[in-house]
Amino acid sequence: MTSSELWTRTTAERYDAEETEMSSAAVLGPTLAFLAELAGNGRALEFAIGTGRVGVPLRERGVPVVGIELSEHMAAVLRHKIDEDTLPVVIGDMATTVVPGGFTLVYLVYNTITNLLTQDEQIECFRNAARHLEPGGRFVIELGVPPLRFLPPGQVAVPFDVSERHLGFDTFDLVEQILVSHHFTRDGGGGDDDGRYRRDSSRHRYAWPAELDLMARIAGLERERRVADWDGAPFTQDSAKHISVWRKPA
């Protein structure tokens, strides 16, 4: 087992309800189109498939999908949506778990590579992707750019969401490249809303785009493309995230 922190049953069961925006057609439409084009007529493997936010609708588009997921609780939520024969899921970590067969696409979305808290494990994740890819296949990662430009000297926290029902901010250990995401979520609703907030936090190891390129090179992959979003906007110094594609040489 890697350093990734396990999702609990409670967190898994409320995950979809708290990620409705990320599950919207506006977000998923370009994501699925991007991934389906790269998968072509082959199979796709999703690292950290979670509750199937991306994997389930990608399978419904006709792309054969297999998933790897560390949390049995997250996989159990996915299983309520689709059966094992249609979308197989292997319980294990994304750095070392191997599933049978070859794939034209391996993908890892929504910052999830940062769940691996050491550089060595992130490198192993790239190696595991390369291990599963057929010659000419692609590995895709969606990852935020560390917002360190927002940190003046002496400040360690950056807010990323200040809304009616949620307050979120990240704190940074700049030496270890570790960030902790803090979430204060207002529970209840309507007449049941008593103003209380639930606090959650999670640790992540952030990585720069150039660092990922070096990890890919170590794994024998070549960078093919880097864009700012699933619609393919150019990646610039002001981009908040990137979609990067590496190819296994034919």
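Author: Two strands pair if DSSP finds at least two bridges between them; strands (E, at least two residues) and helices (H or I, at least four) are DSSP runs, numbered from the N terminus. The model is a predicted one, in which local features need pLDDT of at least 70 and side-chain atom pairs count only at pLDDT 80 or more, while totals for chains, interfaces and linings use all residues. Residues are numbered from 1 along each chain as its sequence is written, and side-chain values use heavy atoms, with hydrogens and water left out.

By that criterion, seven strands form an open sheet of mixed pairing, and their order is E3-E2-E1-E4-E5-E11-E10. Its edges are strand E3 (89-91) and strand E10 (222-227), each of which pairs on one side only. On average, neighbouring strands of this sheet are turned by 20° against each other, direction ignored.

Helix H4 (residues 72-79) lies across strand E2 (65-69) and E3, and runs at about 160° to E3. Such angles run from 0 to 180 degrees between N-to-C directions, with axes fitted to C-alpha atoms, for helices over the stretch in contact. Helix H5 (residues 119-132) also packs on the sheet: helix H5 touches strand E1 (44-47), strand E4 (103-108), strand E5 (133-144) and E11, and its direction makes about 145° with that of E5.

Thr51 sits in the loop between E1 and helix H3 (55-60). With a relative accessible area of 2%, Thr51 is buried (buried means under 20%, exposed over 50%, partly exposed in between, with a 1.4 Å probe and protein chains only). Apart from neighbours within four places in sequence, Thr51 is in contact (heavy atoms within 4.5 Å) with Ala12, Tyr15, Asp16, Met74, Val77, Leu78 and Lys81.

Strand E6 (residues 157-162) and strand E7 (residues 166-173) run antiparallel and are joined by five bridges; they form a hairpin with three residues between them. Val158 stands opposite Asp170 in E7. E7 pairs in turn with strand E8 (residues 178-186), again in the antiparallel sense, over eight bridges. Here Gly168 stands opposite His183 in E8. Four residues separate E7 from E8 in their hairpin, and Gln177 in the turn has a positive phi of about 55°.

Charged side chains come next. Ten salt bridges are present in the structure, each being a side-chain nitrogen of Lys or Arg within 4 Å of a carboxyl oxygen of Asp or Glu. In one of them Asp200 is joined to Arg14, with the closest N and O atoms 3.1 Å apart. Because Asp200 belongs to strand E9 and Arg14 to helix H1 (residues 9-18), this pair ties together parts that are 186 residues apart in sequence. Asp200 is partly exposed, at a relative accessible area of 24%.

Arg79 and Glu84 meet in another salt bridge, with an N to O distance of 2.6 Å. Arg79 counts as partly exposed at 27% relative accessibility, and Glu84 is partly exposed with a relative accessible area of 36%.

Arg149 and Asp238 form a further bridge, their closest N and O atoms being 3.3 Å apart. This pair links distant parts of the chain, 89 residues apart: Arg149 is in the loop between E5 and E6, and Asp238 is in the loop between E10 and E11. Arg149 is exposed at a relative accessible area of 64%, and Asp238 is exposed at 56%. Elsewhere, salt bridges that share partners join Arg14, Arg198 and Asp200 into one network.

Strand E9 (residues 197-205) also contains Tyr197, which counts as partly exposed at 37% relative accessibility.
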